[in-house]
Structure formats: C-alpha cells, structure tokens
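Here is a short note for a colleague who has not looked at this model before. Please read it with the structure open.

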Amino acid sequence: MSAPATTTDTFEQDVLTADGPVLVDFWAEWCGPCRMVSPVLDQIQAENADKIKIVKLNVDENPDLAMKYQITSIPAMKVFQNGEVATTIIGAKPKQALEQDLAEYLK
C-alpha cells in the first residue's frame, strides 16, 4: 500500500482538517533518499493505520506548499495535528529511527 498523494487543492481536507495526526512526506521524483524512505513510511502506515495517516506531497508539483512550510531540503516529513505542525523530521532514516521520532503518535 502506497501513501496517497495530497496537493495544493486537497491539502486542507487531507491534512489540516483531518482527525488525528497526519504525516506529510515532502518529496520529489528525482530525490534518491526520498525513494529510500517511501517504503519505510508505507510500512509504518500499514502497521499503524489506526494511529497516524501518511500522505505524500510532491514539492515540484506543489511549490506553494513547500514554500509555506519552509521545505529547504528533502525528504522532509512534518506531522500535523489540529492543523498545526507538531513535529518535523528531516532526512531519510531507517524504520526504527522514524518510529522513535513518531513514538508519541504510534502509542
């Protein structure tokens, strides 16, 4: 199962007004580390579907949101809760490290 994409048009509904925490994976097609972290996020989503929602945002196709959330390097992941950024994770990490970063949302 691959994380669904969100765009400028659907971001508010997918992320800002969603119930519970939503991790947004800011990525780009040309980004090797982004491709490495994507299956790890898919695993975390599959194992924790009842706790956290994960969506992907292509920064090349949605530069307005990348600018708004100050994405200067990718992969960057931001966890939103109640429409606000609660946690920011920068860079590709192994599954165990990501799970530690997300521990408060995966309880």
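The points below go from the overall fold to single residues.

1. Basis. This is a predicted model, in which local features need pLDDT of at least 70 and side-chain atom pairs count only at pLDDT 80 or more, while totals for chains, interfaces and linings use all residues. Residues are numbered from 1 along each chain as its sequence is written, and side-chain values use heavy atoms, with hydrogens and water left out.

2. Overall fold. The protein has four helices and four strands; helices (H or I, at least four residues) and strands (E, at least two) are DSSP runs, numbered from the N terminus. Read from the N terminus, the order of elements is α-β-α-β-α-β-β-α. The C-alpha trace spans about 35 × 30 × 25 Å along its principal axes. Of the 107 residues, 47% count as buried; buried means under 20% relative accessible area, exposed over 50%, and partly exposed in between (1.4 Å probe, protein chains only).

3. Aromatic pairs. There are four aromatic pairs in the structure. Rings of Phe, Tyr and Trp (its six-membered ring) pair if their centres lie within 6.5 Å; planes under 30 degrees apart count as stacked, over 60 as edge-to-face and the rest as tilted. Phenylalanine 11 and tyrosine 69 make a tilted pair, with 5.6 Å centre to centre and 40° between the planes. This pair links distant parts of the chain: phenylalanine 11 is in helix H1 (residues 11–16), and tyrosine 69 is in the loop between helix H3 (63–68) and strand E3 (76–81), 58 residues apart. Phenylalanine 11 is buried at a relative accessible area of 3%, and tyrosine 69 is buried at 13%.

4. Phenylalanine 26 is buried, as is tyrosine 69. Ring pairs link Phe11, Phe26, Tyr69 and Phe80 into a cluster.

5. Lysine 56. The structure holds four salt bridges, a salt bridge being a side-chain nitrogen of Lys or Arg within 4 Å of a carboxyl oxygen of Asp or Glu. In one of them, aspartate 25 meets lysine 56, with the closest N and O atoms 3.2 Å apart. Aspartate 25 is in strand E1 and lysine 56 in strand E2 (residues 53–58), 31 residues apart. Both aspartate 25 and lysine 56 are buried. The charged end of lysine 56 also sits over the ring of tryptophan 27, 4.7 Å from its centre; the criterion is NZ of Lys or CZ of Arg within 6 Å of the ring centre and within 35 degrees of the ring normal.

6. Lysine 93 and aspartate 101 form a salt bridge, their closest N and O atoms being 2.6 Å apart. Another joins glutamate 99 and lysine 95 at 3.7 Å, N to O. Glutamate 99 and lysine 95 are four residues apart in helix H4 (residues 95–101), so about one helical turn separates them. Salt bridges that share partners join Glu47, Lys95 and Glu99 into one network.

7. Backbone points to check. Most residues other than glycine have a negative phi, and most peptide bonds are trans. Isoleucine 74 and proline 75 are joined by a cis peptide bond, with omega about 0°, and proline 75 is found in the loop between H3 and E3. Glutamine 70, in the loop between H3 and E3, has a positive phi of about 55° although it is not a glycine. Glutamine 70 is exposed, with a relative accessible area of 66%. Asparagine 82 has a positive phi of about 55° and is not a glycine; asparagine 82 is exposed at 73% relative accessible area.
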